[in-house]
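I opened the notebook today to look up a few things in one model. Here is what I am working from.

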Amino acid sequence: MTRSVTKLTTTPEDHRIAQLAAAAIGLALIDAAIPLPLPGVKPGLANIVTLIVLARYGWATAAWVSGLRVIAGGLLLGQFLSPGFFMSLTGALLSLLVLAFAIRLPGRWFGPVSWSILAAFAHIGGQLLLARLWLIPHNGLFYLVPLFSAAALAFGIINGLIAARLLAELPATEPLTAE
Amino acid sequence: MYWLALFRPGDWLVAALGLTICGVSIPLAWQGGVAEKAVIKRGGEVFAELDLSRNRQIDVPGPLGITTVRVEKRRVRVVSDPGPRQYCVRQGWLARPGEIAICAPNQVSVQVQGGKEAYDSLSY
C-alpha cells in the first residue's frame with residue numbers, strides 16, 4: 001500500500017478568510033436561533049462580519065467570507081440546497097453586488113451604516129424577487145413589502161452601527177481574529 | 001451620544017432614503033383598491049355579484065346542495081356549505097379585494113373585487 005500525502009498549501013490570506021468566515025458562520029447560527037414572528041425577517045448579524053471585512057480587506061475577501069458563510073451555514077443548519085439556502089444565497093449575492101458600488105462612495109460622507117442599509121435593502125429585494133418568481137408565485141407576497149423594508153432599515157442601521165463601532169475600536173494594523 | 005457619532009453625513013441621507021422607501025411601499029402594498037363587490041361563481045360561471053354596501057344573504061345551489069353566502073358590514077363570508085371539509089366556511093370573513101373562498105366540492109367560489117380591475121379579460 002502506498003501512502004499518499006495530500007499537501008495543501010495555504011496562504012495567510014486563506015487563514016484570514018477561514019477565521020473571518022468562522023466568525024460569520026457563528027453569528028449566522030445565532031441569527032437562526034433568534035425567534036422572530038415573520039418568516040424572512042432576520043437580524044442578519046453575520047453581515048456585520050462582511051461589513052468589517054469589506055472595510056479592512058476589500059470586496060474580494062468580503063465575497064469569499066460571505067460565500068463561505070452561506071454554504072457552511074446552510075450545511076450546519078441542515079438547509080443546504082433547500083429553498084431557504086437559495087433565499088440566503090440570492091440575498092448574499094445581491095448585497096455583495098450593491099456593496100461593490102457602495103464602497104466606492106466617498107468615505108468622508110458614507111460609512112458602514114450606509115453600506116449596511118443599502119446591502120440590507122438589496123438583500124430583501126433579491127429575496128422577494130426570488131420568492132415571487134419561484135416559491136410563492138402570487139402578488140399577495142408584496143403585501144409584506146412594508147414590513148420587510150422596515151426590518152431592512154432597522155436591522156441595516158443596527159448592524160451598520162455595530163460594524164462602525166468595531167471598526168473604530170479595532171486598530172487597522174491589528175489582525176481581526178475570530179475570538 | 002456615542003452611537004450617533006458613528007453616523008457620517010451621508011448615512012443620514014441613506015437612512016432617510018430607506019425611510020422613504022418604507023413610507024412609499026405602505027400605500028402601494030396595502031391599498032389594493034377598495035372592496036366593492038363580491039362575485040359568486042358556480043361551476044365556473046358568475047352566479048351573482050353582490051354589492052358589499054348592502055347586507056344580504058343568498059343561497060347558491062350546487063351539485064351537493066345549498067351554499068349560503070352572507071354580506072354584512074362590507075364583508076362577505078360563506079355561512080354554510082354541504083362540503084365535507086368546510087374549508088370555505090372556516091375561512092371566515094373576506095374583506096380585501098382579491099380574497100377568495102372556494103367551496104370546491106359544491107363548485108361555488110366567492111371573491112371580493114375592488115372598483116377597478118387591472119384588465120377586463122385576457123385572451124390567448
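Predicted model: local features only at pLDDT ≥ 70, side-chain atom pairs only at ≥ 80, totals over all residues.

Does B:Arg96 count as buried, partly exposed or exposed? I looked it up, and B:Arg96 counts as partly exposed at 40% relative accessibility. My cut-offs are under 20% relative accessible area for buried, over 50% for exposed and partly exposed in between, with a 1.4 Å probe and protein chains only.

Residues are numbered from 1 along each chain as its sequence is written, chains are lettered from A and ligands numbered from 1 in the order in which they are written, and side-chain values use heavy atoms, with hydrogens and water left out.

**Entry: salt bridges**

I stayed with B:Arg96 and found that its side chain meets that of B:Glu99 in a salt bridge, 4.0 Å from N to O. The rule is a side-chain nitrogen of Lys or Arg within 4 Å of a carboxyl oxygen of Asp or Glu. B:Glu99 is partly exposed too, with a relative accessible area of 24%. Over all chains, the structure holds four salt bridges.

A:Arg16 is partly exposed at 27%, and A:Glu13 is partly exposed at 32%.

Back in chain B, B:Glu49 forms a salt bridge with B:Lys37, with the closest N and O atoms 3.3 Å apart. B:Glu49 lies in strand β2 (residues 45-51) and B:Lys37 in strand β1 (residues 35-42) of chain B, so the pair ties together parts 12 residues apart in sequence.

**Entry: a sheet in chain B**

I followed β3-β4-β5 of chain B, three strands that form an open sheet in that order with antiparallel pairing. Strands pair if DSSP finds at least two bridges between them. β3 (56-61) and β5 (75-80) stand at the edges with a single partner strand each, so one side of each has no neighbour in the sheet. β3(B) and β4 (residues 66-72) of chain B pair over six bridges. For B:Ile58, the bridge partner in β4(B) is B:Val69.

**Entry: aromatic rings**

Which rings in chain A form one aromatic cluster? I wrote down A:Phe80, A:Phe85, A:Phe86 and A:Trp134. Rings of Phe, Tyr and Trp (its six-membered ring) pair if their centres lie within 6.5 Å; planes under 30 degrees apart are stacked, over 60 edge-to-face and the rest tilted. By this rule I get four aromatic pairs over all chains. The centres of A:Phe80 and A:Phe85 are 4.9 Å apart with planes at 70°, so that pair is edge-to-face. A:Phe85 and A:Phe86 are also edge-to-face, at 5.3 Å centre to centre and 75° between the planes. A:Phe85 is buried, with a relative accessible area of 5%, whereas A:Phe80 is partly exposed at 37% and A:Phe86 is partly exposed at 29%.

Conventions: Helix = DSSP H or I, 4+ residues; strand = E, 2+ residues; numbered from the N terminus.
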